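Here is a friendly walk through a structure, one topic at a time. Keep the 3D view open and follow along.

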Amino acid sequence: MKTEAKIFISVALFFLIIFLIYWYTSFEDAGSVMLFFSMGLGALPGAYLFWWSRRMDPRPEDLPDATIASGQGSVGAFPEGSIWPFVIGLGVTSLALTIVTNLWMGSIGIFLLGFAIVGGVRESRRGGSL
Amino acid sequence: MTVTEERSTIGSHEPSHHEGPTGLLKWLTSTDHKVIGLSYIVTSLILFAISGVLAELIRTQLLFPDNHFVSQHFYNELFTMHGSIMMYLFVGPFAFGLGNYIVPLQIGAPDMSFPRLNALSYWLYLFGSIITVSGFFTAGGAADFGWYAYAPLSNSPFSPGMGENLWYVGIGIAGLGTILTAVNFVATVYTLRAPGMTMWRMPIFTWNMFVTSILALLVFPVLTAAFALNLADRVLGAHVFTVSGGGIPVMYQHLFWFFGHPEVYIAALPYFGIVTEILPVFSRRPVFGYKGLVLATLAIAGLSMGVWAHHMFTTGVVLLPFFSALSYLIAVPTGIKFFNWIGTMWGGQLTFEPPMLFAIGFLLVFLWGGITGVMLASPPLDFGTNATYFVVSHFHYVLIATTVFAGFGGVYYWYPKMTGRFLHHGLGKAQFWILFIGMNVTFLPQDILGSMGMPRRYAHYYPGQHFTLLNQISTVGAYIISISMILFIINFWVSWKKPILSGPDPWLGHTLEWATTSPPPPKNFTSLPPIYSDSPLWDFRLKEMKEKGEGLPR
Amino acid sequence: MALSALAIGLSACNGLPSYGSRHPATTQGNSMFNLWQGSMTLGLAIGIFVWGLILYSVFKFRKKGNSIPSQTQYHVPLEITYTVIPILIVIGLFYFTIQSEHKVDKIVPNPAVKVTVTAFQWGWKFNYPKQNITIATTNPGSRPTLVIPTKVPVRINLVSSDVIHSFYVPKFLFKRQAIPGVKNTFDFNATKPGTYLGECSEFCGLHHDNMLFYVKAITPAAFKVWLASNHGKATA
C-alpha cells in the first residue's frame, strides 16, 4: 500500500509546488485556484492511503516475492449481472435533459432513479441479480 | 447471483459455465468488464466512423476555392461535431474500452473493482453520445461554435438553439461516465492485483491507464463545471462569462484548457501504453528502461497539468514564460519514451505482423507531431501559427499517431484475445500502408498551408492565396485514409465469416492477459504463472525455451 | 552541435529555407521568422536522427534465425544521456524564445501613431483617435484598409465588442485575440511599403471566414499626406 500512497502524495506535492510558483509569478486567480484544489485531490486519498499503509500488513500484491498461492481465498464479491446500472443511466440522462427541455423529463428521471435505487438495494440484499 | 471469487493456483478448478440471459438482455445487464470493454470499443469506433464522414465532408468543401459544396452554417456544424466527437467521445472512450478489457487481465484480476459502476459508466457514455449527436436532427442543427465552445460565442445571443444545448448536456453526461470509469481504474489497480504484482511490476499499459485515470479525475470535473456555468449562462440567464453582466470571458478559456490540455494526454498516454506492449512482444525483448518509462509517464502527466495556457498565448493575458518553459519541458519525458522504444527494438528479433507495423507507424508519425509541438511551445512562433492549419496538422499528427496508429495496433494485437480469431494479416498490412500514405498526404500539405497563413475553420479560400493545390492534395489524402478504414471493416467481416483461430497466446505475449484462454472465461483466470517481473509470462516462456534449448519458435 | 545549428538559424540573413512561411514585413516579424527557421532546422535535424534510429533498428534487427535476443532491460549511463541532452536542447530553445519574445512584445513609450482596432461580428473598425479618422467594414464581406506608416512604431489597441476574435496578419507572422472586456496592446514596425491581407483567426460565428481586411503600409511622408487629407473622416 506504500507505493500507492506515495503516488497520491507526490501528486499533492507536485501541485503545491506548481501552485506556489504559478501564483507567485502571475497572480492569476482561475489557474491558481484550480491548481490549489488539484493539490487537494492528491492530498485527500494520499493521506488516507498513507494512514492505512502504516496500520496494515503488506498485502500479497505488495510483496515482490509473494507466490500465487499466498493470495488464495476470497478476492471479492462480483455480480453476475444487473439491469440497474442501465436504469440509473437512463434516469441520470433524463434528469440532465431537464435543464434544456422541460420538467416532464425531470419527473421521468426522478421516477427512474428512485425505481433503480430501490431495485438495486433489493438486489444486493438478496445477494443476487435480476 | 453474486459470485464470491476465489483465487486459485494452477489448474485447481474447472472454468464454470453459468446459465444467464442471452442476446439483448445479456448486453443490457452485463457487468462483465469484457462485455463492457467491447461495448466501449464498438460504440467509440462507430462514433469514429461518423466523425470520419464529417471530416471527409470538410475536406470535400475545401477541394476548390470558394466552393459551395456545403453551406457556411453546415460547415461550422461539421468541424464542431468532428472535433467534439473525436475529442470527447472517441479518443478517451476508445482507450477506456481497451483498458476495461485488458487492465484486469494484465493484473490478474477477475473483473474491475466496481462492476456495476463500470456498467453505469458505459451507459452514461452511450446516452451522452446519442444526445450529443442528436443535435443534427434538431431544427437549428448541431452545435456550431467549435469544439472548445469559447464563451461568449457559445452563449445564447450568439449561438441560440437546441443542438447547442444538447451538445452541453450530452458531453457533460459522457464526462460523468469518464469520471466514474477513472475511479474504477484507480481502485482496480490499487486493490485487485495478483500476488507478487507490485506497482513496479505492472505492465506499462496498465500503468498508463492508471495515470490517465488520475488525470481524468483531476480535469473532467473542471470541464463539467465549465460546461455547467456556460449552460447556466445559456438557459438560466446567468452572466458568468458575459462582459455586460460583469463576467470574464477569459476565465472560460482558463477553465477549458485546464481540462483541454491534459485531455490531450488522456488521449495519448493509453496509446503510448499500447505501443509499449506491442514493441517488446514483437522484438522478443523486455521493455527497455521500464522504470524510466514509468517515471516519464508520470512526468508527462504532471507537466501536462501546468501548461494549459499555451493554448492561450495569443490572448495577451497569460504569463508567457511560465507556460512556455513547462511546455518545452514536456519534450524531455516524451523524448525519453522515444529512446526507450528504440532501445526495446535494439538488438531484438523483430517480426512485422500488423500490430508491429502499426506500432512502428506510430513512432514515425508521432515524432513529427512532437517536433511541431515543441515549436508551438514557443510563444513567438505560436503568434504566427496559432489557429492556422499548422496547428491543425500538428494535432492531427499527434492524435492520428496515438488513436489511429497505436489504437488500431492495439485492436490488431488484442483482437485474438477478445475473439479467439486473427484479423487477416494481409488486409491488415494493406490497411497500414494505405493509412500511412493517406495520413502523410493529408497532413503534410496542411503544415505548409499553415505556415503560409491559412487560418483553420475557414469554409472558403480564394484563388489568389495559392492555397488551392495543397488543399486538393490534402483532400485526396483524406479520401485515401477512408479507403484504409473501409479495409478494416472488410477485415472485420472476413474474420467473422472465415475465422482463422488464434489460440490463447498467438504472439508469445509477455503479460498475464495471454495466460488465459481467448476469449477469457467469466472471471478470467483458471491459473496464473508466478510473477517475478513486469513480463511474467515472458519469463515463463524464456525458461521453457532455455530448458528445451531450441531458441525462439518459428 | 544541435545548438549551434539553432544559433546559425537565429543569425540574420541566413541561408536557411523559409519552410513555407511568408517572409515577414515587420521588424518584430523578422525576429520570429529567424526563430522559426532555427527551430524548424533543429527540429528536422533531430527528426532525421530519430527517424534514422527507428528505421535502422527496423531493418537491422529483423528476425534472423531463432536465437533468443539479449534481454538487457537497463543501461543507466545511456538513459541519463538521453535525458540530459533533451533538457539542454529545450533550455537552448527557451533562451532564444525569451529573446524573441522580448522583441515582439516590447511596447515603446511614444509610438508614432495609435490605432484602436475594434473587432465585431463580422468586421473591423479602425479608429485613429488623435486624427479622428474611422475606417470600418460596412457591408458583409467588404474589406476595410488599415493604413500605417513604415519604419516607425505603430501602436494597436485591440478590443472586441461582442465575441472573441483575433487580429491576424500572415505577413507580420503575428496575431492577437480581441477579447470582450480586455484591451490588448501591441506595437509593430513595418519594414517596407505594401498591402497585406489580414484575417480573423479566432472562430467567431457564421461569417468568420469573411472577416478580412487589408493593412496598407506607406512611407511616413505619404502617411502624413494621407492623414491630412482624411482628417475627421469616417470612411468605409
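Helix α3 of chain C covers residues 76-104, which is 29 residues, and spans 42 Å from its first C-alpha to its last, close to the 42 Å expected at 1.5 Å a residue. Please bear in mind as you look that this is a predicted model. The buried residues of this helix include C:Glu79, C:Tyr82, C:Pro86, C:Ile89, C:Val90 and C:Leu93. Further along, C:Thr97, C:Ile98, C:Ser100, C:Glu101 and C:Val104 are also among them.

A nonpolar surface patch of about 610 Å² is found here too, made by C:Tyr74, C:Val76, C:Ile80, C:Val84, C:Ile87, C:Leu88 and C:Ile91. C:Tyr74 sits in the loop between α2 (27-60) and α3 of chain C. Its relative accessible area is 35%, so C:Tyr74 is partly exposed.

## Helix α3 of chain A

Chain A has its own α3, made of residues 84-97. These 14 residues reach 20 Å from the first C-alpha to the last, close to the 20 Å expected at 1.5 Å a residue. The helix is mostly covered, with 10 of its 14 residues buried. Among the buried ones are A:Trp84, A:Pro85, A:Phe86 and A:Val87, along with A:Gly89 and A:Gly91.

What do the buried residues of α3 in chain A pack against? Their partners are α4 of chain A and, from chain B, α1 (23-29), α4 and α5.

## Salt bridges between chains

Side chains of opposite charge can pair when their charged atoms come close. Over all chains, the count is 10 salt bridges. One of them joins the side chains of B:Arg193 and A:Glu4, at 2.9 Å from N to O. This pair crosses between chains: B:Arg193 is in the loop between α5 (162-191) and α6 (204-235) of chain B, while A:Glu4 is in helix α1 (residues 2-26) of chain A. Both B:Arg193 and A:Glu4 are buried. These two residues also belong to a network of salt bridges that links A:Glu4, A:Arg59, A:Glu61, A:Asp62 and B:Arg193.

A salt bridge also brings together the side chains of A:Glu123 and B:Arg116, at 3.0 Å from N to O. It too crosses between chains, from helix α4 (residues 103-126) of chain A to helix α4 (residues 115-134) of chain B. Are its two ends buried or exposed? A:Glu123 has 1% relative accessibility and therefore counts as buried. B:Arg116 has 30%, so this residue counts as partly exposed.

## A salt bridge within chain C

In chain C, the side chains of C:Asp105 and C:Arg176 form a salt bridge, at 3.4 Å from N to O. The pair links distant parts of the chain, 71 residues apart: C:Asp105 lies in the loop between α3 and β1 (113-120), and C:Arg176 lies in strand β7 (residues 174-178). C:Asp105 is partly exposed because its relative accessible area is 28%, whereas C:Arg176, at 5%, counts as buried.

## Chains and domains

Two pairs of chains touch, and the most contacts are between chains B and C. Chains A and C do not touch, and their nearest C-alpha atoms are 15 Å apart.

Chain A is assigned domain 1 (2-60) and domain 2 (84-126), whose C-alpha centres are separated by 35 Å. Chain C is divided into domain 1 (2-61 + 73-104) and domain 2 (113-235). In chain C the two domain centres lie 34 Å apart, and the contact takes 13 residues from domain 1 and 12 residues from domain 2.

## Backbone details to check

Two cis peptide bonds deserve a look. One joins B:Ala151 and B:Pro152, with omega about 0 degrees, and B:Pro152 lies in the loop between α4 and α5 of chain B. Another runs from C:Gln121 to C:Trp122, with omega near -10 degrees; C:Trp122 is in the loop between β1 and β2 (123-128) of chain C.

Positive phi values turn up as well. B:Asp66, a residue other than glycine, has phi near 50 degrees and is found in the loop between α2 (33-61) and α3 (72-106) of chain B. With a relative accessible area of 37%, B:Asp66 is partly exposed. C:Leu173 also has phi near 50 degrees and is placed in the loop between β6 (165-169) and β7 of chain C. Its relative accessible area is 10%, so C:Leu173 is buried.

Notes. Residues numbered from 1 in each chain as written. Chains lettered and ligands numbered in written order. Predicted model: local features only at pLDDT ≥ 70, side-chain atom pairs only at ≥ 80, totals over all residues. Heavy atoms only, no water. Helix = DSSP H or I, 4+ residues; strand = E, 2+ residues; numbered from the N terminus. Expected span 1.5 Å × (residues − 1). Buried < 20%, exposed > 50% of the residue type's maximum accessible area, 1.4 Å probe, protein only. Salt bridge = Lys/Arg side-chain N within 4 Å of Asp/Glu carboxyl O. Contact = heavy atoms within 4.5 Å. Domains from an automatic or database assignment. Patch = residues over 30% accessible without salt bridge, like charges linked within 9 Å, V, L, I, M, F, W, Y side chains within 5 Å. Areas by Shrake-Rupley, 256 points an atom, 1.4 Å probe, with all protein chains shown as cover.
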